[in-house]
Amino acid sequence: MSEADVKRTAMGTPNSMRNGRRKAFDPSDLVQLPNKLQNCLKSQFRKLAKDNEGATSVTMEGGSFDAVKIDLDRQLQTWRENPSWIDQPPEIKVSVPKGSLCNLNVKFNVGLPPDAVYNIVTDPDNRRVFKNIKEVISREVLLDEGHRQVVELEQAAIWKFLWWSGTISVHVLVDQNRKDLTMKFKQVKTGFMKQFEGCWRVEPVFIDQDICYPFKPKTWADYCWCTGGKGRIGSKVSLEQLIQPALVPPPPISWYLRGITTRTTEMIANDLLAEAARIRGDFNNNADSETSQNSYRIDKSSDIKERWAHHRRIAKRHHRRLFTAELPN
């Protein structure tokens, strides 16, 4: 045997065997460990994606759910198993663009999955939820692409000003897209309102992501994996609308109208929170059951003044609790 053959036999190859036995340890195996672990995780995520095939996909803020889809029924079941949730007052920002009455931006979290919340917002019969809508005068679907619909809608909305009250016709074109969970609306014809437009947007929130610490899930597959499929998904809801009457009244009337518009928008947000609470069915499980039942009764009341006053009291109590909690010991 030549010297070269002897060297080749001594060095061998990664998969070679010496004296008829496989090597007990190959340092190159250490290099392969990260890849093996990654492949194992990918296999688990593919299994999760297959288990949720056929459900509705949604997009996270700053990322996407890729090909993994959420099973709405399964998500609602996680809420039934753990309905613990405390609603926070909606956050409302008011700006006054030149020539308009106001631009309102409302944000709040809802204890339900995004698709469930979107179903409430786009329900043709949602006047049972939003009490500022007296009736639906007409509704016509102009375009239906499955995930996207364009609807021409006319509603009679309730208004109150000083000692007067009545209804006003709101005629809008609604573009609702389930792919990104948005619903945009814009006035069709000018009348009492010169400009009325806005957008609903629903985004997912990982409610139980603390379970995953120190790992921070960025996709639903990650979240489902690290919570063992028991992690709840909530919703971050935002409503932005621009309101411009044909004639903007001077102060102080414009201030008063802006306050009414702001309270009406706040009431819409609270109506949605009340409907989510009803769906969760957690009133009997809530430690503050009597208060919750009373809130639900008032939220369903047709007396707008009573509901405004109630929501103001709730908001004041909430801010008082936050202030007390921040005081130094």
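Before going on, the ground rules. This is a predicted model, in which local features need pLDDT of at least 70 and side-chain atom pairs count only at pLDDT 80 or more, while totals for chains, interfaces and linings use all residues. Residues are numbered from 1 along each chain as its sequence is written, and side-chain values use heavy atoms, with hydrogens and water left out.

Now the overall picture. The secondary structure comes to eight helices and ten strands; these are DSSP runs numbered from the N terminus, helices being H or I with at least four residues and strands E with at least two. The chain has 329 residues, and 38% of them count as buried. Buried means under 20% relative accessible area, exposed means over 50%, and partly exposed is in between, with a 1.4 Å probe and protein chains only. The accessible surface is about 20000 Å², and carbon and sulfur atoms account for 53% of it. Those areas come from the Shrake-Rupley method with a 1.4 Å probe; for residues, only the protein chains shown count as cover. On contacts, meaning heavy atoms within 4.5 Å: among those between residues at least 6 apart in sequence, 60% join residues at least 24 apart.

Back to the region I opened with. Thr 78 is in helix α3, residues 72–81. Is Thr 78 buried or exposed? Its relative accessibility is 5%, so Thr 78 counts as buried. Leaving aside residues up to four places away in sequence, Thr 78 touches Gly 229, Lys 230, Gly 231 and Arg 232.

The search of the whole structure finds three cavities of 30 Å³ or more. A cavity here is a set of points, on a 1 Å grid over the protein atoms alone, where a 1.4 Å probe fits but cannot get out; lining residues have an atom within 4 Å of a point. Points are joined across faces, edges and corners, and a volume is the space filled by probe spheres set on the points. The largest cavity holds about 40 Å³. Its lining consists of Arg 74, Gln 75, Trp 220, Tyr 223, Cys 224, Thr 227, Gly 229 and Gly 231. Helices α3 and α5 are the elements that give two or more residues to this lining, and α5 gives the most, with three.

Next, aromatics. There are five aromatic pairs in the whole structure. Rings of Phe, Tyr and Trp (its six-membered ring) pair if their centres lie within 6.5 Å; planes under 30 degrees apart count as stacked, over 60 as edge-to-face and the rest as tilted. Phe 206 and Tyr 223 have ring centres 4.3 Å apart and planes at 10°, so this pair is stacked. Phe 206 lies in strand β9 (residues 193–206) and Tyr 223 in helix α5 (residues 220–226), so the pair ties together parts 17 residues apart in sequence. Both Phe 206 and Tyr 223 are buried. Phe 215 and Trp 225 make an edge-to-face pair, 6.1 Å centre to centre with 85° between the planes. Phe 215 is in the loop between β9 and α5, and Trp 225 is in helix α5, ten residues apart. Phe 215 is partly exposed at 35%, and Trp 225 is partly exposed at 39%.

That loop between β9 and α5 also holds Lys 218, which is exposed at 66% relative accessibility. Lys 218 and Phe 206 are twelve residues apart in sequence and 9.3 Å apart in space, C-alpha to C-alpha.

Last, backbone geometry. Most residues other than glycine have a negative phi, and most peptide bonds are trans. Which peptide bond is cis, with omega near 5°? The one from Tyr 213 to Pro 214 is, and Pro 214 is in the loop between β9 and α5. Another cis bond joins Pro 251 and Pro 252, with omega about 5°; Pro 252 is in the loop between β10 (233–245) and α6 (253–280). Leu 181, not a glycine, has a positive phi of about 55°. Leu 181 is in the loop between β7 (164–177) and β8 (182–187), and is buried, with a relative accessible area of 1%.

Technical notes:
On a 1 Å grid over the protein atoms alone, a cavity is a set of points where a 1.4 Å probe fits but cannot get out, and a pocket is an open set with protein on both sides within 12 Å along at least five of seven lines; lining residues have an atom within 4 Å of a point.
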